[in-house]
Amino acid sequence: LPTTRGRNTPPNRYDVTKIQEHVERMCPQISHPRREHTPRVRYLEPELSIKILHDEFLETSAAKDQCGYKLYRRILKAMHISFVRLGKNCSACTFL
């Protein structure tokens, strides 16, 4: 008899694309001066926080798409999102 283990998806499995789309709507930016030190990190405005983004996601998403704060935070970390105020003027940009 063939085994049937592992054929069903776990009930707590969550589709993370909805969270990723929500974060991408906030338009994370890449910083020029920080690019050589942290090339994959993208930045959001410091007025935002993970708590604010999570609350907004819960308000705008359907009941079946709700997720916990820990999962939301883990996905933001996996996407390399950070919160910092980016400078308007940098020495590299003035020469462009």
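Predicted model: local features only at pLDDT ≥ 70, side-chain atom pairs only at ≥ 80, totals over all residues.

Q: How many helices and strands does the protein chain have?
A: The protein chain has 4 helices and 2 strands. Along the sequence they follow the pattern α-β-α-α-β-α.

Q: And what share of the residues is buried?
A: Of the 96 residues in the protein chain, 24% are buried.

Q: What share of the contacts comes from residues 24 or more positions apart?
A: Among contacts in the protein chain with a separation of 6 or more, 68% are between residues 24 or more positions apart.

Q: Now the helices. Which residues of H1 are buried?
A: In H1, the buried residues are Ile19, His22 and Val23. Seen down the axis of H1, they fall within an arc of 95 degrees, so they line one face of the helix.

Q: What covers them?
A: The cover over the buried residues of H1 includes H2, H3 and E2.

Q: How do H1 and H2 pack?
A: H1 and H2 pack at an angle of about 115 degrees, and their axes are 11 Å apart. The crossing of H1 past H2 is right-handed.

Q: Which residues make that contact?
A: H1 contributes Lys18, Ile19 and His22, while H2 contributes Leu53, Glu56, Phe57 and Thr60. By type, the contact residues comprise 3 nonpolar, 2 polar and 2 charged. Ile19 and His22 also belong to the buried residues of H1.

Q: Switching to H3: which residues are buried there?
A: Helix H3 spans residues 69-78, and Tyr72, Ile75 and Leu76 are buried in it. These residues cover an arc of only 100 degrees around the axis, which puts them on the same side of H3.

Q: What lies over that side?
A: The buried residues of H3 are covered by elements including helix H1 (17-24), helix H2 (50-60) and strand E2 (81-83).

Q: And which residues sit on the face turned away?
A: That face of H3 carries the exposed residues Lys70, Arg74, Lys77 and Ala78.

Q: One last point: what follows H3?
A: H3 is followed by His80, and the phi of His80 is positive, near 60 degrees.

Notes
Residues numbered from 1 in each chain as written. Heavy atoms only, no water. Buried < 20%, exposed > 50% of the residue type's maximum accessible area, 1.4 Å probe, protein only. Arc of directions from axis to C-beta. Contact = heavy atoms within 4.5 Å. Axes fitted to C-alpha atoms, helices over the stretch in contact; angles between N-to-C directions. Left-handed = near helix turned anticlockwise from the far one by under 90°. Nonpolar A, V, L, I, M, F, W, Y, C, P; charged D, E, K, R; others polar.
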